[in-house]
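This briefing is meant to be read alongside the sequence and the coordinates.

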Amino acid sequence: MIEIEHLTRTYGPFTAVDDVSLTIEAGTITVIVGTSGSGKSTLMRMVNRLVEPTAGRVLIDGEDTATLAVHELRRRIGYAIQNHGLFPHRTVAQNIATVPALLGWDRARIAARVEELLTLFQLDPAQFGRRYPHELSGGQQQRVGVARALAAEPKLMLMDEPFGALDPVIRAKAQDDLKDIQRKLGTTILLVTHDMEEAIRLGDRIAVMDGGRLLQCAPPAEILIHPATAFVGELIGTGDRPFRLLSLATAAEMVEPGAAEGTAVAASADLRDVFAELLWSRRPAAPVVDAAGNGLGRVTLEALIARAGRPA
Ligand SMILES: Nc1ncnc2c1ncn2[C@@H]1O[C@H](COP(=O)(O)OP(=O)(O)OP(=O)(O)O)[C@@H](O)[C@H]1O
């Protein structure tokens with residue numbers, strides 16, 4: 001568990017982060033969103049002490065980070081940033097191996113981990129492991145940056161716009177992969193993004209910042225339905241609200257008994273995609289199947305419309 005208590009950072013007369021308190025439960029993803037310059041990166045960097053707080057403190061599993069040696073703290077925390085920060089004179093494999101090597105893993109274990117991560121991020125280990133960062137595209141560098149941050153399976157990951165340079169298809173895949181890895185390892189993640197879709201897709205909780213202050217920190221549905229201020233509502237995008245609300249649930253949660261015609265939708269499909277499919281194919285309902293293709297029932301347009309509205 002991460003406890004951020006009254007964190008403040010000033011630069012001269014300017015307050016970049018203003019008395020922010022926030023608790024992040026172990027094994028959850030908290031996504032920080034906010035306008036440019038609202039203090040998101042500064043808040044995150046105070047967790048691994050790339051920026052020292054002016055006031056306040058951060059506790060990791062009850063331990064005050066100010067009492068730890070900085071290198072010790074950073075070794076424990078994975079850190080992935082938009083411009084990836086790869087070491088230019090080390091190969092991709094060496095970059096990913098950085099923290100495991102510091103931790104004294106044996107060579108075979110490191111090699112296996114590098115191969116596993118490159119494969120996970122769809123980079124052929126034989127081809128990419130030996131290359132240098134300048135021999136990769138921006139999106140490939142970014143994936144290597146995330147792989148490096150994950151290499152030693154840190155319990156806590158800080159991610160600052162980690163998927164910013166990825167195209168929408170790879171981005172969605174990288175987000176799904178991150179979520180899978182996070183569930184599998186129980187990693188706690190604090191992630192900064194400008195992309196509200198990403199925040200809703202990944203966040204167990206979304207923290208909204210403005211002018212250095214934390215305006216609201218709550219699960220996505222709560223933020224969508226009850227934004228704490230008009231600014232939070234604006235940031236979350238009022239025009240997209242019904243669709244974003246639908247995107248939080250899957251067909252499995254809305255399945256009802258009965259038949260329907262046409263192509264089936266997967267139980268794991270999110271309700272926004274199901275809604276789009278029904279509108280596009282001009283159907284009042286679609287059959288729902290599980291991963292093995294067994295029929296589970298149907299989902300209806302009527303039920304989706306009811307679900308997309310603000311709860312009474
Ligand atoms: N070293 C510094 N000296 C002075 N001001 C700084 C320093 N670092 C950050 N700031 C200021 O603090 C504010 C918050 O910066 P921060 O990088 O945390 O914002 P952000 O929300 O992450 O922005 P963005 O979304 O644009 O990356 C900005 O106004 C920035 O100019």
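**Briefing on the predicted model**

V265 belongs to strand β11, which covers residues 265–266, in a model that is predicted. V265 counts as buried because 23 other C-beta atoms lie within 10 Å, where the cut-off is 20 or more.

**Surroundings of V265**
- Once neighbours within four places in sequence are set aside, V265 is in contact with A251, V274, E277, A286, V288 and V299.
- R244 and V265 are separated by 21 residues in sequence, and their C-alpha atoms are 19 Å apart in space.

**Ligand shell**
- The residues that surround the ligand are Y11, F14, A16, G34, S36, G37, S38, G39, K40, S41 and T42.
- Sorted by class, this shell around the ligand contains three nonpolar, seven polar and one charged residues.
- At least two residues of the shell come from each of β2 (14–24) and α1 (40–47), and α1 provides the largest share, which is three residues.

**Nonpolar core**
- The largest nonpolar core consists of 79 residues, and the residues with the most contacts inside it are V31, I32, A147, V274 and V299.
- Helix α7 (residues 138–150) contributes the most to this core, supplying five residues.
- Domain 1 (2–236) and domain 2 (244–308) each give this core at least three residues.
- V31, one of the residues with the most contacts inside the core, is in contact with L191, T193, A199, L202, G203, I206 and A207, leaving aside its neighbours within four places in sequence.
- V274 and V299, also among the residues with the most contacts inside the core, are both in contact with V265.

Terms used
Residues numbered from 1 in each chain as written. Predicted model: local features only at pLDDT ≥ 70, side-chain atom pairs only at ≥ 80, totals over all residues. Helix = DSSP H or I, 4+ residues; strand = E, 2+ residues; numbered from the N terminus. Buried ≥ 20, exposed ≤ 12 C-beta atoms within 10 Å, placed from the backbone. Contact = placed C-beta atoms within 7 Å. Near = placed C-beta within 6 Å. Nonpolar A, V, L, I, M, F, W, Y, C, P; charged D, E, K, R; others polar. Core = buried A, V, L, I, M, F, W, Y, C linked by C-beta atoms within 7 Å. Domains from an automatic or database assignment.
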